[in-house]
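I opened this notebook to keep a record of what I looked up, entry by entry, for a reader who is new to the structure.

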Amino acid sequence: MLIQLTYASRSAGILGPGDVKDILQSSARNNQAAGITGALCLSNGIFLQQLEGDRTAVNALYHRILKDSRNKDPAVL
């Protein structure tokens, strides 16, 4: 079943352009392998991301994101 999950979180620290590039590159590689698409925005220390894909794959990815030390205060929207 195809689902969409949108969440917001705060950056746990200051991220530079290189950090964001690394996140985007690894996300693109990993998400493609899992059949997940989406969009990631970062503004003023706030991440906003929408994920789309199989329910199981999106759920597994979101739980990995929750464990990522670069995020804090996550909220599903």
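**Entry 1: terms and ground rules.** I take two strands to pair if DSSP finds at least two bridges between them. Helices (H or I, at least four residues) and strands (E, at least two) are DSSP runs, numbered from the N terminus. I noted that this is a predicted model, in which local features need pLDDT of at least 70 and side-chain atom pairs count only at pLDDT 80 or more, while totals for chains, interfaces and linings use all residues. Residues are numbered from 1 along each chain as its sequence is written, and side-chain values use heavy atoms, with hydrogens and water left out.

**Entry 2: the sheet.** I looked up the strand order and found an open sheet of four strands, β2-β3-β1-β4, with antiparallel pairing. The edge strands are β2 (37-43) and β4 (71-76), each of which pairs on one side only. On average, neighbouring strands of this sheet are turned by 20° against each other, direction ignored; axes here are lines fitted to C-alpha atoms, for helices over the stretch in contact, and angles run from 0 to 180 degrees between N-to-C directions.

I then went through the pairs. β1 and β3 run antiparallel and are joined by nine bridges, with Ile3 standing opposite Gly53 in β3. β2 pairs with β3 (residues 46-54) over seven bridges, also in the antiparallel sense. In that pairing, Leu42 has Phe47 of β3 as its bridge partner, and Ser43 has Ile46 of β3.

Entry 3: Asn44 lies in the loop between β2 and β3 and is exposed, with a relative accessible area of 78%. For these labels, buried means under 20% relative accessible area, exposed over 50%, and partly exposed in between (1.4 Å probe, protein chains only).

**Entry 4: the helices.** For helix α1 (residues 17-34), I checked the length: at 1.5 Å a residue its 18 residues should span 26 Å, and its end C-alpha atoms are 26 Å apart, which agrees. The expected span is 1.5 Å times one less than the number of residues. Just after α1, Gly35 takes a positive phi of about 75°. The other helix I looked up, α2, lies across β1, β3 and β4 and runs at about 155° to β3.

**Entry 5: the core.** Which residues make up the largest nonpolar core? I listed ten: Ile3, Leu5, Tyr7, Ile36, Leu51, Ala57, Val58, Leu61, Tyr62 and Ile65. Such a core is a set of buried Ala, Val, Leu, Ile, Met, Phe, Trp, Tyr and Cys residues joined through side-chain atoms within 4.5 Å. The elements that give two or more residues to this core are β1 (2-11) and α2 (55-67), and the largest share, five residues, comes from α2. In soluble globular proteins, nonpolar side chains tend to be buried together.

Leaving aside neighbours within four places in sequence, Tyr7 is in contact with Phe47, Leu48, Gln49, Tyr62, Ile65, Ala75, Val76 and Leu77.

**Entry 6: a residue in β3.** Gln50 is found in strand β3 and is partly exposed, with a relative accessible area of 32%. Not counting residues up to four places away in sequence, Gln50 touches Gln4, Leu5, Thr6, Thr37, Gly38 and Ala39. Gln50 and Thr37 are 13 residues apart in sequence and 8.3 Å apart in space, C-alpha to C-alpha.

**Entry 7: charged pairs.** How many salt bridges does the structure hold? I found two, where a salt bridge is a side-chain nitrogen of Lys or Arg within 4 Å of a carboxyl oxygen of Asp or Glu. In one, the side chains of Arg10 and Asp73 meet at 3.5 Å, N to O. Arg10 lies in strand β1 and Asp73 in strand β4, so the pair ties together parts that are 63 residues apart in sequence. Arg10 is partly exposed, at 43% relative accessible area, whereas Asp73 is exposed, at 51%. I also noted that the phi of Asp73 is near 55°, a positive value in a residue other than glycine.

Asp68 forms a salt bridge with Arg70, the closest N and O atoms being 2.6 Å apart, and Arg70 counts as partly exposed at 35% relative accessibility.

Key:
Contact means heavy atoms within 4.5 Å.
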